[in-house]
Amino acid sequence: MWIPILLIASLPFSGAVWAKREVRGVVGRAITIDCHYAAENRSHTKYWCRGRSLQCTVLVETNGQHGRSGRVSITDNPARGTFTVTVDDLQDGDTGWYRCGITTSADHPIFNVYLEVSDEPVSVPVLGFLSPANVSCLGGSVTVSCESVRGSLPINYSWYEKTPSGDSKISDNNALDLHCQSFKHQHHQYYCTASNQHGSKSSEMVNMSIFSSDVPCSVLVKINGTVAVWGKKNVTGDVGRAITIDCHYATEYRSHTKYWCRGWGRQCTDMVETNGQHGRSGRVSITDIPALRIFTVTVEDLHSGDTGRYICGIRTSADHPMFSVHLQVSDEPVSAPVLRYLSAANASRLGGSVSVSCESVRGSLPIRYTWFEKNEHWVSTTVYGNQLDLSCEILGGQHRQYYCTASNNHGTKSSESLNVKVFKGAGTCSYVTEMNNAGALRVESEVHGVVGRAITIDCHYAAVYRSHTKFWCNGTSRQCTHAVETNGEHGQSGRVSMSDNPARGIFTVTVEDLNSGDTGWYSCGITTPGEPTFKVHLQVSEEPVSVPVLGCLSPDNVSCLGGSVTVSCESVRGSLPINHTWYEKTPSGDSKISDNNALDLHCQSFKHQHHQYYCTASNNKGSKSSEMVNVSISSNDVSCSFLVKIDGTVSGAVWAKRDVRGVVGTATTIDCYYAAEYRSHTKYWCRGMSLQCTVLVETNEQHGRSGRLSITDNPARGIFTVTVDDLQDGDTGWYRCGIKTSADHPILNVHLEVSDEPMSAPVLRYLSPANASHLGGSVSVSCESVRGSLPIHYTWFEKNEHWVSTTVSGNQLDLSCEILEGQHRQYYCRASNNRGTKSSEILNVKVFKGAGTCSYVTEINNAVAGALWAESEVRGIVGRAITIDCHYAAVYRSHTKYWCRETSRQCTHVVETNGKRGQNGTVSITDNPARGIFTVTVEDLHSGDTGWYKCGITTPGEPTFKVHLQVSEEPVSVPVLGCLSPANVSCLGGSVTVSCESIRGSLPINHTWYEKTPSGDSKISDNNVLDLHCQSFKHQHHQYYCTASNNNGTKSSEMVNVSITSSDVPCSFLVKFNGTGK
């Protein structure tokens, strides 16, 4: 009996669409699934459906690049080749099979995803400070948050006070507000609990000590004995990149030594500490900024092994204040590479050159870059590296198209296209480059705004477009609808305005009163033939309010002889509208005073000698309370006098950072924010704190300059910016941001600290297109110290075993055959300022003589060698194979290549080429002279293979390149099933063979097949192949699965379902994987 049935193969990976096969979520929380797709599907509709059959029910699809239906939303990012599905408020019933899909005119590319939603118990709740500090002086409040970062929602929080007579419940929310009125004793202890339907967990203890019982009191709050240091408890970094951790501390610790250690408690191993205000040890550096009360830890060249717990700490004669930080370092795929102009413009006139860089700003390092040229017939490799240099000689009078790829060990992504248009002339050429027709423009491609507030987008353009009309439009196509354009240098249409600054090559777009509906794609554009544009995605979202800031709107906070004081309350972040409410705190409870953001205080307000007030700010995302306003009546006469204290607040009319730091010789910028009613007033910057503050610069309309100082006002954003160029030691001191009005002059005091800073070790870079010169060309190398007080002086030195001599005074070294005179050379540069001197690494020059010409190769400490280069870090898996590509210069095509392992003082040859190949045990080597690459393959890797190796070339001087190989264990992946026989349908007694393979994980991997029966799971075989035939079957339906295991764990495959469609002899049967069949 013949039954024409086929199988829909539920493949684990599709060339058109791919994603994680299994994702897990927690009840009540949200989950995001990234579905990746090939470039040819960028413009198609994407969807998410439930099921695996042809009747898969569509839950949401893109309309443009976004879509939402109930709890499910979808967002397409064509630039990254990813569409993202988010499911909010997960339920148990969401468990099941789903599909990422793409609607096309032919097939519908799909990928099956299994979502597992489970209940999860709460994690131990984490405590943190919501208020600016954990020390309250003069009656202010401290707010402690409690949060369980894992576990099914809803999670219920309760705060308890621990007392000798038992634990007393205080509140049923996740924030604990501590203030003078809370305390009856000198010491108090609190903790919180987090609970869901799977249980409850308690936090560590909050210890509170009163160190001043005056009215108002002062308190110190400790979380399990930790005082005065706080920061982010969890930080994440990417392999190969750097991360910076900010550790905040209380004022009294400004002069103490700060440190960073690995571990927890007494077993914490010191990594680095400050010596003065700086410190470095290997890849870890630390910098203390006492004026800002922050010390910063930077870890460079992150490794997976850096994951773990660390401590920000302060050394004192008594306790050691500390804060625990968890660092998670992970591998991450590259982001789509971004193209940027390195040369001054993107247009070359009369034969000049243009340089374009390619950079993937996210992803684990190392990242490899390759430039390709393409046309309608072919694609060819142009350059290995992230820089493309264009010139008339290269272009040859033809229009060209280029793109670059970025790849790491997690995959590859391609950039947009770079189009080059050539214009021929008499004996010369000119050309213009465009990045997807956006070469003239550059801007941030993703910007974020908040509902109700304003946003400003800066669009940069090339000098050739200074006099052209600029526009901002809704959409990304040539037919995008203009929202506003410049008329002269300005333009306005409704909520959108724009301003052009030709001198800086920037036009600025401002959108006020943002709405959620403003989310979408826009374009910055220039009106000119070809209309260069740049795509910008604006995301507008709701945001909770920030802790409201208090300030004095009246000239001062002291009222004498019956005058009044006005205090403002403003939440400077959060979606608008924001509602403000003032309360008075009394022994009998909190009493509402008003529903606005200003509190007017005067003698008639007061019935007692002391009063306390606070305000709340709320929007539809939540509510937060301000610090306390304390009022003391100093005279009861009529009229009275009183004093208002706001715990360390700033002015309600003007606010900024109170402490800023700068470095001698560099520039610093100070942003001064102000309230909306001062948009049209003159702003100024003056030196001093008294009434005789000397005005240094002020706005004339929206700009002003005086000597080294400039000021710019941006009324749309409510900011004026002061820039001080060429900072000097004498600039240290107190200053004021101020606003001139007909009544009071709102001001804010700012302390500027200018210090000398030693320079960093100078970095060497190639300025010429390559570091190898053939037939007499030149190579230029720059030397730059990226940190340190200016001026910095640079000097190049040549050295050999007998002497060192000065070569060049300046930061650029130009090499040529005439200078080298046929000799091998060594150079280094030195950077110095008035804080000291540092030297660069060594630049080695190797010269190869020929008949009447010379060639040479430069190497910088063999780290980027002109003769030889490769990936400096490679990773392999136990039991598997790895391949390392070693690139070399053309001059070495005919030489013997080798691979050696470094020991203490020598490198032991493992394998070398004999002709073009070589083999030694599990290690082989193959040379490809046409491509300038030799390849080393190591099979059956072991943990003991971890270590340092070298790619090398046998020639005088033996150029080498160091490579670190890391071999690690890896758990198995979920095994993938496949049909080894021609079909999954057996007719007239034929057999079907199903394979089981875990494509990742350390070898050896053991595979076992089981049959699932009502009485339990029965083992069938210990291999990776299952043979099915009529003799196998005793029932009409059978179910099988396989397991893959290594010494890191076990995973099971999906189910193989077998249905007997004919019980004749011989029988017929159908095999389906997890119910998927045709």
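**Side chains that meet**

Modeller: Let's start with Trp 260, which is buried, with a relative accessible area of 1%. Buried means under 20% relative accessible area, exposed over 50%, and partly exposed in between, using a 1.4 Å probe and protein chains only. Please keep in mind that this is a predicted model, in which local features need pLDDT of at least 70 and side-chain atom pairs count only at pLDDT 80 or more, while totals for chains, interfaces and linings use all residues. Residues are numbered from 1 along each chain as its sequence is written, and side-chain values use heavy atoms, leaving out hydrogens and water.

Now for the rings. Rings of Phe, Tyr and Trp (its six-membered ring) pair if their centres lie within 6.5 Å; planes under 30 degrees apart are stacked, over 60 edge-to-face, and the rest tilted. That rule gives 14 aromatic pairs. Among them, Trp 260 and Tyr 310 are stacked, 5.1 Å centre to centre with 10° between the planes. Trp 260 belongs to strand β24 (residues 257-262) and Tyr 310 to strand β29 (residues 308-315), so their pair ties together parts 50 residues apart in sequence. Strands (E, at least two residues) are DSSP runs, numbered from the N terminus. Tyr 310 is buried as well, at 4%.

Tyr 1010 and Tyr 1041 are also stacked, because their ring centres are 5.4 Å apart and their planes meet at 15°. With Tyr 1010 in strand β95 (residues 1006-1013) and Tyr 1041 in strand β98 (residues 1037-1046), this pair ties together parts 31 residues apart in sequence. Tyr 1041 counts as buried at 12% relative accessibility.

Sulfur atoms meet too. A disulfide is a pair of cysteine sulfur atoms within 2.5 Å, and the structure holds 14 of them. One joins Cys 261 to Cys 268, S to S 1.8 Å; with 100° about the S-S bond, this link is right-handed. Cys 261 is buried at 2%, and Cys 268 is buried at 17%.

Another disulfide joins Cys 672 to Cys 737, S to S 2.0 Å. Its torsion about the S-S bond is about -45°, so this disulfide is left-handed. The pair links distant parts of the chain, 65 residues apart: Cys 672 sits in strand β63 (residues 668-674) and Cys 737 in strand β69 (residues 733-740). Cys 672 is buried at 0%, and Cys 737 is buried at 0%.

Definitions and conventions: Helix = DSSP H or I, 4+ residues; strand = E, 2+ residues; numbered from the N terminus.
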